[in-house]
Amino acid sequence: HFFDDDDDDDDSFDTEDSDDYSPTLSHDLVEFSPADTPSCLTQVVVSLRPSTYKISKRERLGLPEEKCYGLLVKDDLILSSAYCAAQARTVEIPHAKNKTAAHIATHYVGPHAIGIVRVDLPNHHHNSGIPRKRLFLGSNPSKGPPRLYCRDGRPVASALPLNTTTWVPLSPLRPYLGDVFWDDDLDSTAELTNGIRRWYTTKQSNTTLVKAIDDLRYKWLGGPGSVDIYHPDNYGPLLEAEDPRGNRYHMCFGLWWTHWLHEKPFSGIPFFDWLDFGPGRTALPIDPIRGNVDPGVYKDNDWKWLHTCVKSHFNNKKIRYFTEEESAQYAVDLNPYKDGRMVRMTYHESGKPVENPEKDLLWVWGLDRTLYVVEDGHQIGHTSLIASRPALAAGEMDTGGNGRLEEVDFGSGHYKPNTDNFIEFYNWMLDKGLNVSSIHWELRSKWNVTKQSLRKALNSGRKITRESVVN
């Protein structure tokens with residue numbers, strides 16, 4: 001239960017005094033008795049309250065408080081009588097945070113007026129700005145089921161009760177309500193829940209929903225010569241970046257994507273909604289080789305990491321994305337060391353050497369050719385350093401004493417660098433006058449760069465090309 005600020009100024013809206021309210025409308029109240037309200041409608045029946053000024057005035061006149069109710073059709077729309085809507089200033093909504101209601105318009109339907117109250121409820125975080133749809137409206141109250149009823153557990157209302165004696169049909173409101181669900185949408189929608197509230201979404205085809213995810217790639221793609229998080233054969237890094245719950249671990253997304261994509265029958269629910277509010281909310285991830293991942297499995301073998309993808313772990317395993325100010329703390333410089341025989345790595349801001357940590361050093365080479373290095377950790381990944389933006393290369397490094405660079409590796413599940421990225425990074429170091437032959441270069445086997453060709457390139461001391469190193 002909640003209320004707006006106590007406003008006793010002249011701006012308080014009072015239906016008995018304001019010129020904005022039509023005196024021709026009867027003072028009909030929308031009232032609900034327990035018999036009128038099936039259990040499935042308890043979350044959508046809301047109380048409408050007038051301004052504190054209006055309540056105080058009735059108290060001074062010795063009049064009882066008027067109780068008005070409405071139906072929460074979706075997060076920004078409540079239906080009630082014209083009288084109740086006109087005086088509504090606050091709303092009491094089950095399981096919702098404090099929000100102030102604002103009256104927008106009144107539409108006349110038959111002998112009575114139906115009021116439309118616009119409210120600003122919090123949208124669930126997966127669809128910011130898209131109101132959740134809570135109720136189905138019935139198109140013909142004179143035939144078939146009662147005016148308020150449940151169909152397969154879903155709330156349906158075909159009429160509003162005025163003063164417990166008169167029912168006003170809702171079907172004439174179709175031209176006014178826009179994007180709401182009617183009873184003929186029941187079979188083409190799916191239910192979502194966060195465990196407390198329920199709402200509904202339109203089912204869509206597999207092709208449509210996969211394309212919607214695939215189209216997200218455009219905001220993350222880099223230009224020629226760069227690497228990015230979009231991989232047509234693995235949506236994990238892309239899903240991590242787009243995750244509305246805060247960048248959960250990309251490798252687990254691969255398992256959940258497989259489960260969602262191959263579920264029979266296909267749910268028709270958008271992936272993130274399915275994962276957190278639909279069937280995926282209580283499901284187990286699916287390993288494409290071994291099937292469902294049980295919480296007690298994979299603890300003592302090579303598949304141990306799959307254990308972390310069970311929802312109780314997965315929802316808390318989030319990759320931290322740095323701000324630009326935070327990333328700047330991990331920018332490093334490479335300089336000649338020991339009379340140019342070695343390469344030394346120091347932090348750009350402090351000048352301190354990058355010491356060899358207990359865990360691997362992750363590195364990312366930004367599009368502006370800034371090199372970032374951070375120690376691998378529980379909430380740290382390659383995408384942490386530049387918040388999943390495109391890069392020129394990425395991988396891991398090892399350092400020795402006093403920041404001496406010993407090894408460069410190009411392994412990154414997020415960015416998957418290729419031979420061209422290695423060549424670009426290698427030649428960049430040569431341009432800086434660094435002794436690249438003092439470093440152990442750990443390349444990917446699929447690049448087809450042999451040890452002999454790499455050794456020849458290192459001994460030459462010259463820039464390399466694809467033709468000079470790739471067999």
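K338 sits in the loop between β17 (331–337) and β18 (342–347). Its phi is near 55°, a positive value in a residue other than glycine. Helices and strands here are DSSP runs, H or I of at least four residues for helices, E of at least two for strands, numbered from the N terminus.

Some ground rules. This is a predicted model, where local features need pLDDT of at least 70, side-chain atom pairs count only at pLDDT 80 or more, and totals for chains, interfaces and linings use all residues. Residues are numbered from 1 along each chain as its sequence is written, and side-chain values use heavy atoms, with hydrogens and water left out.

Next, a cis peptide bond. It joins K264 and P265, with omega about -10°. P265 lies in the loop between α6 and α7 (271–277).

Now Y249. This residue is in the loop between α5 (236–242) and α6. What is Y249 in contact with, leaving aside its neighbours within four places in sequence? The partners are E240, F314, K317 and I319; contact means heavy atoms within 4.5 Å.

On to helix packing. Two packed helices are described by the angle between their axes and the distance between the axes. Take α4 (residues 206–214) and α6 (residues 250–262): their axes come within 11 Å and cross at roughly 155°. Those axes are lines fitted to C-alpha atoms, for helices over the stretch in contact, and angles run from 0 to 180 degrees between N-to-C directions. So α4 is roughly antiparallel to α6. The cut-offs: under 35 degrees is roughly parallel, over 145 roughly antiparallel, 65 to 115 roughly perpendicular, the rest oblique.

Who makes that contact? From α4, N206, L209, V210 and I213; from α6, W257, W260 and L261. By class, that is 6 nonpolar, 1 polar and no charged residues. Nonpolar covers Ala, Val, Leu, Ile, Met, Phe, Trp, Tyr, Cys and Pro; charged covers Asp, Glu, Lys and Arg; the others, Gly among them, are polar.

Disulfides. The structure holds 3, each a pair of cysteine sulfur atoms within 2.5 Å. One of them joins C40 and C150, sulfurs 2.0 Å apart. That link is left-handed, with -105° about the S-S bond. C40 lies in the segment before β1 (45–49) and C150 in strand β8 (residues 148–151), so the pair ties together parts that are 110 residues apart in sequence.
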